[in-house]
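Please look over the sequence and structure before reading on.

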Amino acid sequence: MKAATQTETGRAFEWSVGRSVTSLVGCRLIESNFSKLAKLCYEEKISDKKRDAFDVAADLAVRHILNKEKIERDPDATLEFNSDKAGQKGDVRDVILKYSGKSIGISCKSNHEALKHSRLSAKLDFISKWDLSDAGCSTEYWNQIKPIFAELASIRKNSDRTALWEDLESKPERFYWPLLDAWEQEINRVISVNPDKEADFCKRLMTYLIGRFDFYKVMCKGSKRVEIQAFNFSGNLATRKTNFPTAINVINKKNGGMYSKTIVFNHGFSINFRIHNASSRVEASLKFDINAIGLPSGEVYQHTLDIG
């Protein structure tokens, strides 16, 4: 069997979770192209061993969530698989259980915990796209980053699109750090222009990174354990309420991966932004791998279950 891609593996785990919900709740599955694709990945793209591990992890996590939310069997309830377009608009829930006028969403992750994989480019206004400010990126930011991406575009064009990242010299000094520095300066600029709106900025950034709706996050860690988190900013879940941070304490290079910066908020949130090339070939854009490396244990519900 050909090795499944990360996307296929992720969709397969979504099916395991959805399958467990429908079995335990006795609800009706609303079929869609997204549910069919998840089922296909589950049945045809992963090994039997992986499928068994996913099923055990999903069953443990779903039972825990249903017990936490006090959800019993309900034949009138429905389960649906969310669309990719919904995720692009800030709804990160992969499967959604609707029952008694309420809904519970679950984000399903297999072996990775990334919040986002956002791009930066010469034309992408991250301030506007991330909904951080209506004003968008400043002239200063564009003046800093456009030469970086122009050089990448030139390398790509002159090589007839064959140039490889691994062959470029001094990549951190030429591309990674200048772009990260410009990105950090732009965030600081937006806050400095409206310091009385820093709490609103933090709320907007966290909403972009984590999602617009309350949800449970289920992460299958191989065949050893499954981890559950609950982000409950609006107070719709049965877990403790999650409060948005109201200030950025510092943006630094510590506590993160290579070529990254970490935004340390108050209230215990730390988010790492690692810049990298998404392809082996040179492209005129770079990508963030964004991870939460610090969460407030008193506000974000976290629970680990051992498998087997």
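## Largest pocket

In this predicted model, 43 residues line the largest pocket, and those nearest its centre are Gly87, Gln88, Lys109, Leu115 and Lys116. Two or more lining residues come from each of α1, α4 (84-88), β4 (102-110), α8 (198-210) and β6 (215-221). Helix α8 gives the largest share of this lining, six residues.

The volume of the largest pocket is about 1,400 Å³. By class, its lining has 17 charged, 14 polar and 12 nonpolar residues.

## Second largest pocket

The second largest pocket holds about 250 Å³ of space. Its lining is made of 16 residues, with Leu132, Ser133, Val190, Asn194 and Lys197 nearest the centre. The elements that supply two or more of the lining residues are α7 (171-193) and α8. Seven residues of this lining are nonpolar, six are charged and three are polar.

## Packing of α1 and α2

Helix α1 (residues 6-25) and helix α2 (residues 33-44) have axes that come within 7 Å and cross at roughly 105°. Angles of 65 to 115 degrees count as roughly perpendicular, so α1 is roughly perpendicular to α2.

On the α1 side, the contact is made by Glu8, Arg11, Ala12, Trp15, Ser16 and Arg19. On the α2 side, Ser35, Leu37, Ala38, Lys39, Cys41 and Tyr42 take part. The contact between α1 and α2 comprises six nonpolar, four charged and two polar residues.

Conventions: Residues are numbered from 1 along each chain as its sequence is written. This is a predicted model: local features need pLDDT of at least 70, side-chain atom pairs count only at pLDDT 80 or more; totals for chains, interfaces and linings use all residues. Side-chain values use heavy atoms; hydrogens and water are left out. Axes are lines fitted to C-alpha atoms, for helices over the stretch in contact, and angles run from 0 to 180 degrees between N-to-C directions. Helices (H or I, at least four residues) and strands (E, at least two) are DSSP runs, numbered from the N terminus. Angles under 35 degrees count as roughly parallel, over 145 as roughly antiparallel, 65 to 115 as roughly perpendicular and the rest as oblique. Contact means heavy atoms within 4.5 Å. Ala, Val, Leu, Ile, Met, Phe, Trp, Tyr, Cys and Pro count as nonpolar, Asp, Glu, Lys and Arg as charged, and the others, Gly among them, as polar. On a 1 Å grid over the protein atoms alone, a cavity is a set of points where a 1.4 Å probe fits but cannot get out, and a pocket is an open set with protein on both sides within 12 Å along at least five of seven lines; lining residues have an atom within 4 Å of a point. Grid points are joined across faces, edges and corners, and a volume is the space filled by probe spheres set on the points.
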